[in-house]
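Please read the report below alongside the sequence and the coordinates shown here.

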Amino acid sequence: MEFTVKQIAGLLGGEIEGNGELKINQLAKIEEGKSGTISFLSNLKYEAYLYTTEASAVIVDKHFEARKKVNTTLIRVENSYTAFTQLLQQYEQIIKGTKQGIEQPSHLGEGTTTGEGLYLGAFAYVGNNGKIGKNVKIFPQAFVGDNVCIGDNTVIHSGVKIYNNTVIGKNCTFFANAVIGSDGFGFAPQPDGSYKTIPQLGNVIIEDSVSIGAGTTIDCATMGSTIIREGVKLDNLVQVGHNVEIGKHTVIAAQAGIAGSTKIGEKCVIGGQAGFNGHITVPNGTKVGGQAGITKTWEQEGLSLNGTPAIEFKDSLRSAAIFRKLPQLEKRVNELEKKIKDDKQ
Amino acid sequence: MEFTVKQIAGLLGGEIEGNGELKINQLAKIEEGKSGTISFLSNLKYEAYLYTTEASAVIVDKHFEARKKVNTTLIRVENSYTAFTQLLQQYEQIIKGTKQGIEQPSHLGEGTTTGEGLYLGAFAYVGNNGKIGKNVKIFPQAFVGDNVCIGDNTVIHSGVKIYNNTVIGKNCTFFANAVIGSDGFGFAPQPDGSYKTIPQLGNVIIEDSVSIGAGTTIDCATMGSTIIREGVKLDNLVQVGHNVEIGKHTVIAAQAGIAGSTKIGEKCVIGGQAGFNGHITVPNGTKVGGQAGITKTWEQEGLSLNGTPAIEFKDSLRSAAIFRKLPQLEKRVNELEKKIKDDKQ
Amino acid sequence: MEFTVKQIAGLLGGEIEGNGELKINQLAKIEEGKSGTISFLSNLKYEAYLYTTEASAVIVDKHFEARKKVNTTLIRVENSYTAFTQLLQQYEQIIKGTKQGIEQPSHLGEGTTTGEGLYLGAFAYVGNNGKIGKNVKIFPQAFVGDNVCIGDNTVIHSGVKIYNNTVIGKNCTFFANAVIGSDGFGFAPQPDGSYKTIPQLGNVIIEDSVSIGAGTTIDCATMGSTIIREGVKLDNLVQVGHNVEIGKHTVIAAQAGIAGSTKIGEKCVIGGQAGFNGHITVPNGTKVGGQAGITKTWEQEGLSLNGTPAIEFKDSLRSAAIFRKLPQLEKRVNELEKKIKDDKQ
């Protein structure tokens, strides 16, 4: 995991300005650069750091002109941001590795087909009659039930539990201990105050390029499917109830929760710990603040919502500002009442 | 998993009106019916869907009279709702299956007794000196510690972790990755600002017919027991602190949290993401809104509480309505002050 | 697990007053004492219970003078609280046990060194090139990735997942199904509204004497490290985002969440379900109420914060008190307006 500046410049097709023999073993932000790290300068807002950074090398744009003396080694490339991203990805492959093969003991059920490039970690369990695509990685202690389809290049980390009949697209990632397809929370109240379990017979469908965070739970539908559309990103410890549908390219931060049968639109951005009532609809492009509580269906696209019960963001800020001054406001009303009373006497 | 309408009608003791040879492979709500599905009509509120549904067959009451032309095949039965529920349960058995037997490798500790009908999945671990009832199902990668008692027909899904000395009743279900009996959060502050761990020596007792959601965590008591009474239903990612007691037939939605030593009454209905302070009491029949924060003991049974700090539900709605108008309210007070000042001059 | 009062008195170096032959099999609080339990009286606030307790024996201070008739057996010791704590710890060792040895099947990767006293439970997986200290306990179905360092006496419970390159100190405890080092939630928005994953290349560093609750998730840094300092205690289902740093001896209750790059100071006390925006700083000694939402950086140390957006605790209580009366306040403003209007006419 150690390279010379010259090797990295060669990889990126860049030109060296300074010492090409320096050893690089980590990547860093320019403001956090230390000896042995390489960084980059793309946004000129950070230019000042270039002159003070301790990074051994910094990637800059080909035509960048320094206004002061530079003490670090530069690598000039066509586009410094793109080059650094390329480096990040190569580095990722090195440190995260590419697992392949079947470790033992593991369990691969009858009638389940697998594609080339499979990694099945030790103590992983895959049920019967499933269909596993190419380059799928199933880490140790993951569980995949019966009749599960998993698309190419999908990665299932350690401890993830995927129930029977789940359908998963390509290029998805499931982080450790996520649970997909557990029963929806459905109980019919009985006359004596007890509850009877309503059978949960549907499944979960997860389309391509979805990312599911650690410990996140997605319930199966009562009937039909709970659906997570293409490109959705869920953070850790998110709860998705039965029959929910989340539209394409919506991102949801940690610990948010969505009650049953609610439909979240496309390209929404949902803050952490936000909550959604069941059976409501959230339009495309809605932004929801952290800890907000969405209690009803909203019609207009692209709104920013905040607070519980949620209102428009700017209104919530205005009301919150006065909330802080409520004791003074009450006092002012007290005084007004006193004055009016005095005037009358 | 494919049956003809005739087979299903035979199973339900119903009469066919239409094509008995149609193939059925799924159940659906009448408004979501597609070719190959069977649905039902019980509540006449949904009658309109009968005339437009694409479901291949619909179960109706024996004496139901259609007011328009019906294009789908009908199965007439004594009670359409009961018949459909019967079908749901049969379908559930088919798609969820009934696992039995001991898969290898798995670990069954010394001195642990098991009843007939056991399923012990691969990579499941059961500790020593436990007592496992009849028809208990322990799925792959579940962990059951030492001295654990589990009643008949209880199902422990993949990745559930049950600590030593836990006592579990009959007919319970634990969904994937739930954790039962981890240490309570008890630390004694030391003079230097650090904390010393207080040994957590109690256990968790879970009575009959309890359902515990995926990723839910229940801590053991410091001394004595954390107790989940008969028929309680906990959704996913719920947190139950040490020495908590939850009364019979209380249901708690996802991501709610109960701090240590709090007692929740019977037949309460708790919304998602609600939070409870420690050492308080919540009376029987209390309803708590989503995201509410219950900060103190309430005395009266059957109240609806909402907001943080929680107040009665209708009061919280009224106050929230004015919260939204706080900027106007402040403006009105400004104007009143101005008018009074003007009057005085 | 059954001892006589005489045996316990011998262990504690105490003097018996009453029946030394009674059998003890559990510890209890004095107000919950039952036959067969031993309790203690230290804080005289609880003295009344001494005269009514059903505990078989009670540990008291050497010079304690009873004001009424005592029916239980007393054990007199130098310091009753210290003696009881000693008993608790001995009892803990007995009921929680001290596991040792390597159960099979388990996986210990190449190049990983281990110290004496190791427990590696069945179905546990430890990756390559790691370094495991002395007396480390890794319970069944835990996962430890590659290049992970774990200090002496650290305990990793069942189902915990620790990603590659994590560094863990001495005397730490990880409760079941905690996840350490999953990817940070970093996605770069693309012109078409989709997101591209930003490689997460950093790690997690956990210092000595840290406790991590069941189901808690800690993300790795994008670059650099997410850092949990010495003595930090995290409860269950807490979320810690990428590049967060939590200062020494800070305690965080269940279901709290901290967004990326936020720095929490030392000796803070954070309530359950509290949320923190990303990229903010919380000073040393800050106290945060349950469900509070910390939206900005605070400068002053030792403040108590509450509410969303959080304000100082006493202000939040005052404002909340008036929030409850908002309908009346609005009514009073209505009446004032009416009076002023009447006066003018």
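The sections below cover the model, its sheet, its domains and an annotated position.

## Basis of the model

This is a predicted model, in which local features need pLDDT of at least 70 and side-chain atom pairs count only at pLDDT 80 or more, while totals for chains, interfaces and linings use all residues. Residues are numbered from 1 along each chain as its sequence is written, chains are lettered from A and ligands numbered from 1 in the order in which they are written, and side-chain values use heavy atoms, with hydrogens and water left out.

Within chain A, strand S13 (residues 131-132) runs parallel to strand S16 (residues 149-150) and is joined to it by two bridges; A:Ile132 stands opposite A:Ile150 of S16.

## Domains

For chain A, the assignment (automatic or from a database) gives domain 1 (3-96), domain 2 (160-309) and domain 3 (312-345). The C-alpha centres of domain 1 and domain 3 of chain A are 57 Å apart.

## The annotated histidine

The unreviewed UniProt entry annotates A:His242 as "active site", and such annotations may be inferred rather than shown by experiment. A:His242 lies in the loop between strand S29 (239-240) and strand S30 (245-246) of chain A.

Because its relative accessibility is 16%, A:His242 counts as buried (under 20% relative accessible area, with a 1.4 Å probe and protein chains only). Leaving aside residues up to four places away in sequence, A:His242 touches several residues, including A:Asp219, A:Cys220 and A:Ser261, a contact being heavy atoms within 4.5 Å.

Terms used: Pairing = 2+ DSSP bridges. Helix = DSSP H or I, 4+ residues; strand = E, 2+ residues; numbered from the N terminus. Buried < 20%, exposed > 50% of the residue type's maximum accessible area, 1.4 Å probe, protein only.
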